[in-house]
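The structure is shown first.

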Amino acid sequence: MSLVSLVYGHGFCSVMSDGLATDSFGNVLDSNMEKYIKINRRTVICFAGSYRQYENGSNLYEIIIDFCKKAINENGIRKAMNKIMEFIEELPFYEQGGKVIVAIVYIGDTKSNKKPLTLRAANDPSITSGIEELTKETPLGYAVLEPNHKEGYQTGSDYLRKLLIEQKELNLDTIRNCQKLLNQYVSSIDETVNDQTSQIILK
C-alpha cells in the first residue's frame, strides 16, 4: 500500500508520497516510486493501492493515468472528475489485491473564479468516493491516501491535521515539513510504507 498526502489551497498544491511499490503478493517492485503525476499546470493525480498488472498485461496505474488525461483534456474539470470517479469505482476489486485509491486536485483559477476541487475515488466498496470544493472561507484543504488504519494509532488524516494546526505560520516550507513528519510517523508503524519520499508542487 502507499502513503500520499496532499495539502492544497487557492492556487497551490503540495504533494508528497512514500516510495514503496509492492505487487499483490507483497513483493517489492520499487523502493523509490513517485505515486503522482502532473496532468497539467493546475491538476495533479495521486494513486495508492496494489501495483499490479491489468487484464491485458498493462500496468493498472498506466491505464488509470491514460484515462484521467483523456477525461481532463476532453471535458471541463468537474465533468472529468465525475467520469474518472465512475471509471475507478468500476475497476475489479479483490480482497488480496487490486485495491485502487485515486485523488485528483485541481488548484482552481482565480481569473475565472474557479475554485479548487479535489476528487477521492476508490474501487473498494468500503471507501466513499466524492468531489469536494474548497470555498473562499476555507483557505486550506488536505487529503491523505494511506494504508489500512491500525488500531491504537492516529489515522494519517488526523495526524496531518494536528501537525498543520500546530504551525505558527503555514507556508510551503512548513506544509512540506508536516507532510514529511506524517510520512515518518506512518512508516514507523506500517511496514508497507517506507521513508523514501518524493514531492511535487503546483502553483
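## The second largest pocket

What volume does the second largest pocket have? The value is about 280 Å³. The model is predicted: local features need pLDDT of at least 70 and side-chain atom pairs count only at pLDDT 80 or more, while totals for chains, interfaces and linings use all residues. Residues are numbered from 1 along each chain as its sequence is written, and side-chain values use heavy atoms, with hydrogens and water left out.

Pockets and cavities are found on a 1 Å grid over the protein atoms alone: a cavity is a set of points where a 1.4 Å probe fits but cannot get out, and a pocket is an open set with protein on both sides within 12 Å along at least five of seven lines. Lining residues have an atom within 4 Å of a point. Grid points are joined across faces, edges and corners, and a volume is the space filled by probe spheres set on the points.

The second largest pocket is lined by 16 residues, and Tyr-8, Thr-118, Glu-132, Tyr-142 and Ala-143 lie nearest its centre. Two or more lining residues come from each of β8 (117-122), β9 (130-133) and β10 (140-145). The largest share, 5 residues, belongs to β10. Strands (E, at least two residues) and helices (H or I, at least four) are DSSP runs, numbered from the N terminus. By class, the lining has 6 nonpolar, 7 polar and 3 charged residues. Here Ala, Val, Leu, Ile, Met, Phe, Trp, Tyr, Cys and Pro count as nonpolar, Asp, Glu, Lys and Arg as charged, and the others, Gly among them, as polar.

In strand β2 (residues 12-18), 7 of 7 residues are buried (under 20% relative accessible area, 1.4 Å probe, protein chains only). Phe-12, Ser-14, Met-16 and Asp-18 point one way, and Cys-13, Val-15 and Ser-17 the other.

Strands pair if DSSP finds at least two bridges between them. Strand β1 (residues 4-9) pairs with β2 in the antiparallel sense over 6 bridges, with Ser-5 opposite Met-16. The two strands form a hairpin with 2 residues between them, and Gly-11 in the turn has a positive phi of about 100 degrees. Strand β11 (residues 197-202) is also joined to β2 by 6 bridges and runs antiparallel to it; Cys-13 stands opposite Leu-202.

## Cavities

The model has 3 cavities of 30 Å³ or more. The largest cavity holds about 100 Å³ of space. Of its 13 lining residues, Asn-148, His-149, Lys-150, Val-186 and Ile-189 are closest to the centre. Helix α4 (residues 172-189) gives the largest share, 3 residues. The lining has 5 nonpolar, 5 polar and 3 charged residues.

Terms used: Buried means under 20% relative accessible area, exposed over 50%, partly exposed in between (1.4 Å probe, protein chains only).
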